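Here is a short report on a predicted model. It covers packing, ring contacts and backbone details.

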Amino acid sequence: MQLPAALRQALDARLDRHAIDDLRSGGERLSGRYRAEIRDGRQHLDGEPAVLAYLAARMPATFAAIRASLEEVALRRPDFAPETLLDIGAGPGTVLWAASDAFDSLCEATLMEASAPALAVGQALAQEGLAVATRWVRGDATADLAERAPADLVTLAYVLDELPPEARAPLVSRLWRLTRDVLVIVEPGTPAGWRRILAAREQLLAEGAHLLAPCPHAKVCPVAAPDWCHFAQRVARSRAHRLAKRGTVPYEDEKFAYLAVARQPAVPLTARVLASPRSGSGKVRLKLCTPDGQMRERLVTKREGEMFRAARRLDWGDALE
């Protein structure tokens with residue numbers, strides 16, 4: 001996946017003015033906080049240096065994960081043409097760029113973010129190449145939603161991991177009430193991130209939501225520890241991204257977990273691919289989540305003709321219609 005040209009240009013213009021050593025050290029501190037899921041009362045993006053480090057080290061990968069999640073929504077709901085977006089915990093606008101890229105219909109967006117530096121940078125980036133009318137609001141996701149208006153698409157990306165456990169369920173409920181059509185939640189692709197997605201899944205189903213993705217069913221999740229349900233998206237690295245991450249390859253694979261629910265049901269899936277297909281001579285082995293609530297391995301051989309040709313084109317995370 002490539003970042004949109006306007007976003008690449010906006011990031012390059014802002015990051016090229018800063019020393020790579022500063023971006024690198026800031027990115028390492030920020031990544032360390034994210035990986036350790038530190039909750040010490042401080043905002044991860046607590047100043048402009050941290051925000052710039054996020055732009056260099058994390059924004060391309062989180063964009064890729066969010067964009068991939070929205071692409072699954074578009075595939076499941078070809079009729080979905082959101083005009084309004086509400087993004088909570090917006091950071092510098094990663095979801096805004098991903099949603100604008102995924103949905104040409106988007107014309108208005110409200111972005112809520114607690115960090116003033118992140119909000120300021122997000123506003124500046126959005127002016128570089130987005131046609132969407134944006135409203136940036138400084139606020140706490142757990143306390144400042146009373147004045148927010150409902151939106152066609154509501155998003156919460158890489159936020160639940162920053163909240164205390166007791167704050168998560170009330171926030172998910174409030175966001176569902178603000179959702180006119182589709183709610184998307186994205187978390188890091190770790191076992192802990194999957195457990196947070198699983199808890200949100202159970203809660204939203206109980207509140208009447210219909211699953212869009214990734215699940216092909218609304219039954220109890222068949223994945224059991226030490227396994228966990230997650231996906232991966234490869235994103236091309238810019239020069240700043242590669243240097244900030246001390247990367248030696250021109251791409252990064254972002255692992256993520258996500259959930260998309262809607263007010264109305266979609267056509268059921270045949271299955272979802274839960275791991276990279278394993279190909280051999282004349283055969284493809286698939287790990288599938290199926291509509292009956294089971295997780296199965298399916299061996300597809302060359303004798304199966306078109307099914308075999310289709311299986312060879314499948315990738316981790318793909319849906320079987």
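The buried residues of helix H7 (165-177) are Ala-167, Arg-168, Leu-171, Val-172, Ser-173, Leu-175 and Trp-176. Buried means under 20% relative accessible area, exposed means over 50%, and partly exposed lies in between (1.4 Å probe, protein chains only). An α-helix has 3.6 residues a turn, so residues three or four places apart point the same way. The buried residues of H7 pack against E1, strand E4 (151-157), strand E5 (179-188), H8 and strand E8 (251-262). Helices (H or I, at least four residues) and strands (E, at least two) are DSSP runs, numbered from the N terminus.

The model is predicted: local features need pLDDT of at least 70, side-chain atom pairs count only at pLDDT 80 or more, and totals for chains, interfaces and linings use all residues. Residues are numbered from 1 along each chain as its sequence is written, and side-chain values use heavy atoms, with hydrogens and water left out.

**Helix packing**

H7 packs with helix H8 (residues 191-206) at an angle of about 50°, and their axes are 10 Å apart. Axes are lines fitted to C-alpha atoms, for helices over the stretch in contact, and angles run from 0 to 180 degrees between N-to-C directions. H7 is therefore oblique to H8. Angles under 35 degrees count as roughly parallel, over 145 as roughly antiparallel, 65 to 115 as roughly perpendicular and the rest as oblique. The H7 and H8 crossing is right-handed. That term applies if the near helix is turned clockwise from the far one by less than a right angle; anticlockwise is left-handed.

Which residues of H7 meet H8? They are Arg-168, Ala-169, Val-172, Ser-173 and Trp-176, and their partners in H8 are Arg-196, Ala-200, Gln-203 and Leu-204. Contact means heavy atoms within 4.5 Å.

On the H3 side, Tyr-54, Leu-55, Ala-56 and Ala-57 meet Met-59, Pro-60 and Thr-62 of H4. H3 is largely enclosed by the rest of the structure, because 8 of its 10 residues are buried. They are Ala-50, Val-51, Leu-52, Ala-53, Tyr-54, Leu-55, Ala-56 and Ala-57.

**Aromatic rings**

There are 4 aromatic pairs in the structure. Rings of Phe, Tyr and Trp (its six-membered ring) pair if their centres lie within 6.5 Å; planes under 30 degrees apart count as stacked, over 60 as edge-to-face and the rest as tilted. Phe-80 and Phe-103 form an edge-to-face pair, with ring centres 5.3 Å apart and planes at 80°.

Phe-256 and Tyr-258 form a tilted pair, with centres 5.8 Å apart and planes at 35°. Ring pairs join these two and Phe-231 into a cluster.

| Residue | Relative accessible area |
|---|---|
| Phe-80 | 7%, buried |
| Phe-103 | 5%, buried |
| Phe-256 | 3%, buried |
| Tyr-258 | 5%, buried |

Charged side chains also meet rings. Arg-234 lies over the face of Tyr-251, 3.7 Å from the ring centre. The charged end of Arg-263 sits over the ring of Trp-176, at 3.8 Å from its centre. A charge sits over a ring if NZ of Lys or CZ of Arg is within 6 Å of the ring centre and within 35 degrees of the ring normal. Trp-176 is also one of the buried residues of H7.

**Backbone details**

Where are the cis peptide bonds? One joins Ala-213 and Pro-214, with omega about 0°. Another joins Ala-225 and Pro-226, with omega about 10°. Pro-214 is in the loop between strand E6 (210-213) and strand E7 (231-236). Pro-226 is in the loop between E6 and E7 as well.

Tyr-158 is a residue other than glycine with a positive phi, near 55°. It sits in the loop between E4 and H7. Tyr-158 counts as buried, at 11% relative accessibility.

**Whole chain**

The protein chain has 10 helices and 13 strands. Of its 321 residues, 54% are buried. Among contacts between residues at least 6 apart in sequence, 73% join residues at least 24 apart.
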